[in-house]
Amino acid sequence: MDSSRVFVNNVKRVIVKVGTAVVTRPDGRLAVGRLGALFEQLQELNSQGYEVILVSSGAVGVGRQRLRYRKFLNSSFSDLQKPQVELDGKACAAVGQSGLMALYDALFTQLDVASSQLLVTDNDFKDPEFRNQLCHTVNTLLALKVIPVFNENDAVSTRMAPYEDSSGIFWDNDSLAGLLALELKVDLLILLSDVEGLYNGPPSDSKSELIDTYLKEKHDEKITFGDKSRVGRGGMQAKVKAAVYCATQVPVVITSGFTRDSILKVLQGKKVGTLFPTKRMMNEIVVSTKDINPRDMAVSARDCSRRLQSISSEERKKILLDIADALVANESKIRAENEADVAAAQQAGYEKALISRLTLKPGKISSLAKSVRVLANMDDPIGQILKRTKVADGLVLEKISSPLGVLLIVFESRPDALVQIASLAIRSGNGLLLKGGKEAMRSNVILHKIITEAIPTSVGKGLIRLVTSRDEIGDLLKLDDVIDLVIPRGSNKLVSQIKSSTKIPVLGHADGICHVYIDKSADMSMAKKIVLDAKIDYPAACNAMETLLLHKSLLNSSDIKDIIYELKTKGVEIFGGPIACEELSLPKAESFHHEYSSMACTIEFVDDVYAAIDHIHRYGSAHTDCIVTSDDEVSDIFLKQVDSAAVFHNASTRFSDGARFGLGAEVGISTGRIHARGPVGVEGLLTTRWILKGNGQVVNGDEGVTYTHKNLPL
């Protein structure tokens, strides 16, 4: 769901307006196939519990086509040679209305939906009693799941003629739809057109661009309208006028009635058509007052990061402390949005492991705020002198820590990752582009809003951008001249896709297949605690145990049977490798190279520590692996030879975490070998620069320069 469209989650009553260009074909006949597809969408909304109201144009156009045909049949050859007088619009409306509703009723009946017809005129709305009765009637119909179909009664309207008189309370069916949206207190008005939405120029002009969010102060005088509708009295100009009027209280989306499932896409929060937001929405949705493309977004983040680096260490510290305070102050808002995300994920049938990662459990907000304060109180990592060298007399070289520049972080499910990553970016002086999973959209939007509000204008809100469209990721991955590092946090598929789609360096891990090996000399009481913690403490985490390796001498050990019993009692589903499967009567594991991310694990027996190491190297992911043993010689072999980012002796794999390592937080865990490895905190987001200080020295073929290269104290 796009962040600018999250309001659709609260939509229950919706008006859909179809224009003559959508209702009819170019030859004036009814577009039966297109109407059928539209009515199927209305039926689906009706069945989902939405209160649907239809406002339809097209009666005059349909009537005109019918009357022209009748007139042709009843005309003599000489009559046809005479100049043809245009048919009366009101007569066309009278004839067309019955035919239009007959088709609508037939289509709705086929879909097992009841409909009703309500014809209104401009003068009707001058009567307060009429307006009250109208609301009562519509509310009654909607309660019975009947779809009311509105049209202006052009046949008896006191206007001079349809399409010519634009005076009165409403002046066409677009403005009628806007008026009804306000009168009937709907949550959303959808105006269907024959183009994708509002463009900044004529849609036929290849240079024209679709406007996804209309801002009156920005777009009002800059839009060039093309020709009005080929039929009907409206066209895009009329739709914009009606939308602006309606959006004083009710959001409006103008989109195409020709595009498949366009109505459903709007209510799914897809970024389709042009949104006319209400003023209240403008304070809540993530929408820029300036159209910004991916390159501009990245360049803005770089510019803001340079301003962040230029302010004092105390000022950067204050930003983080303000963020921590804001998180605590807004905990109820954050939890409300997160609970909505979780409920939507459950309704959509997402896996339990994903829902677990998505959920901000009690105490999580205060824990996040605490980790942000830890970061704030750490020594400033920017500009630290790492090495000083006297190159020659009067020539001193310094190696200093420096931000990488702009980071692109793509993460799934976990909204808490947004807080950790954003605070690390600020502490390390980096610009940040964030793309979270659609399942966490509400949580991410509120967290991003809270964090960016704490960033002073002297730095700029563009320091941290929330990328809302999946389409933008592909464009961002091409910007290897502006973005310095990509960190994907998510599934193997996500990481692999990103690595294959960009020239930008990628830091991260594809899998978290962590092992615990219990050696024959292990303290079994200790081993039991470690295994249970590594698997059960947080099964969805990437540092949770996925495979338990056991020394072959423990095959008949009662302690091992006790550990297996405890795992099963706690709800862990256990699978076995070839040996464990046969000896312990366990279901067979499909693969050793498998990350369950849930209450499940694999067990297998190995000959010794060397076999355990070989197994880890063959099937592991070089994330975190642990040995439980009382034999120092065996532990030394394991610690030295296991080639993983983190290797533990007698400690749970769950300790492999940036906060627990004292890094304050982490942007992710890297299983690569270049730049950073293991939990990546502030240091992993820094690079170095060389600062050379002299007093007029020149190389000049190295004549007269005596190089000393002497290390100096820091």
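**Sheet and cores**

Val516 has Leu548 of E15 as its bridge partner. The model is a predicted one, in which local features need pLDDT of at least 70 and side-chain atom pairs count only at pLDDT 80 or more, while totals for chains, interfaces and linings use all residues. Residues are numbered from 1 along each chain as its sequence is written, and side-chain values use heavy atoms, with hydrogens and water left out.

Strand E14 (residues 514-518) and strand E15 (residues 545-551) run parallel and are joined by 5 bridges; strands here are DSSP E runs of at least two residues and helices are H or I runs of at least four, numbered from the N terminus, and two strands pair if DSSP finds at least two bridges between them. Both belong to an open sheet of 6 strands with parallel pairing, ordered E16-E17-E15-E14-E18-E19. Its edge strands, E16 (573-576) and E19 (646-649), each pair on one side only.

Where are the nonpolar residues gathered? In soluble globular proteins, nonpolar side chains tend to be buried together. The largest nonpolar core has 54 residues, of which Leu327, Leu432, Leu434 and Ile464 touch the most other members; such a core is a set of buried Ala, Val, Leu, Ile, Met, Phe, Trp, Tyr and Cys residues joined through side-chain atoms within 4.5 Å, where buried means under 20% relative accessible area (1.4 Å probe, protein chains only). Helix H17 (residues 415-428) gives the most to this core, with 8 residues. Apart from this core lies another, of 36 residues, including Phe7, Phe108, Ile263 and Leu267.

Technical notes:
Buried means under 20% relative accessible area, exposed over 50%, partly exposed in between (1.4 Å probe, protein chains only).
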